[in-house]
Amino acid sequence: MATGRPREFDLEEGLDRALRVFWRHGYEGTALSDLTKAMGINRPSLYAAYGNKESLFRKCLDRYGQGPASHVGEAMTQPTARATAEYLLRGVIRVTTREEGPGCLLIQGALATSAQAGPVRQEVIARRQAGEAALRDRFQRALVEGELPPGTDAADLARYISLVSYGIAVQAADGASAGELGRAVDLALTAWPR
């Protein structure tokens, strides 16, 4: 029985290479030729291994969350709500000031897209909203446990931390240094409910 020819490239490495291209150029700024060149494969191989460009981008979003942006999930395991917020914000600095980006794939990756890329934009929006909802739930739990002062609005606090997080990503994409961003986080955390 004949078997198909083995793949000549590593799927995981190809995904990492595609992630770097999307991270640097965004969804619509990335052409298929950019991806095939970076990945070292031709279009038929890309389609066979990963599906279309949209499918590949979604796989890269998953990879981003499990790899460079894994600090988001790790933040939720911190012992206090304030530690969660600080861990998250300092993690954003680490990720967005890396050479691969700079910036955040979930912010710059598909913020402005054409109607054709609407599903990709909606996917990124849904992922950002899920992150904010997880923060809200963490802060709500802290409120119930008495860690946050009565009257603290968990949703507003989650939105505030998300806004600071997104601002870090934009500032990093504009060239702000990790030190500058760290000082901004220090200042932002002075507003933590007491």
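I counted secondary structure first: the protein has ten helices and zero strands. I took these as DSSP runs, helices being H or I of at least four residues and strands E of at least two, numbered from the N terminus. The order from the N terminus on is α-α-α-α-α-α-α-α-α-α.

I noted the ground rules. This is a predicted model, where local features need pLDDT of at least 70, side-chain atom pairs count only at pLDDT 80 or more, and totals for chains, interfaces and linings use all residues. Residues are numbered from 1 along each chain as its sequence is written, and side-chain values use heavy atoms, without hydrogens and water.

I looked up the extent next. The C-alpha trace spans about 70 × 40 × 30 Å along its principal axes.

I checked contacts (heavy atoms within 4.5 Å). Of those with a separation of 6 or more, 68% join residues 24 or more positions apart.

I looked at burial (under 20% relative accessible area, 1.4 Å probe, protein chains only). Of the 194 residues, 40% are buried.

I then turned to the largest pocket. I used a 1 Å grid over the protein atoms alone; a pocket is an open set of points with protein on both sides within 12 Å along at least five of seven lines, and lining residues have an atom within 4 Å of a point. The lining holds 27 residues, with Ala69, Val72, Leu106, Arg127 and Gly131 nearest the centre. Helices H4 (53–66), H5 (71–75), H6 (81–96), H7 (105–108), H8 (118–144) and H9 (154–173) each give two or more residues to this lining.

Methods. Buried < 20%, exposed > 50% of the residue type's maximum accessible area, 1.4 Å probe, protein only. 1 Å grid on protein atoms, 1.4 Å probe; cavity = no way out; pocket = protein on both sides within 12 Å on 5 of 7 lines; lining within 4 Å.
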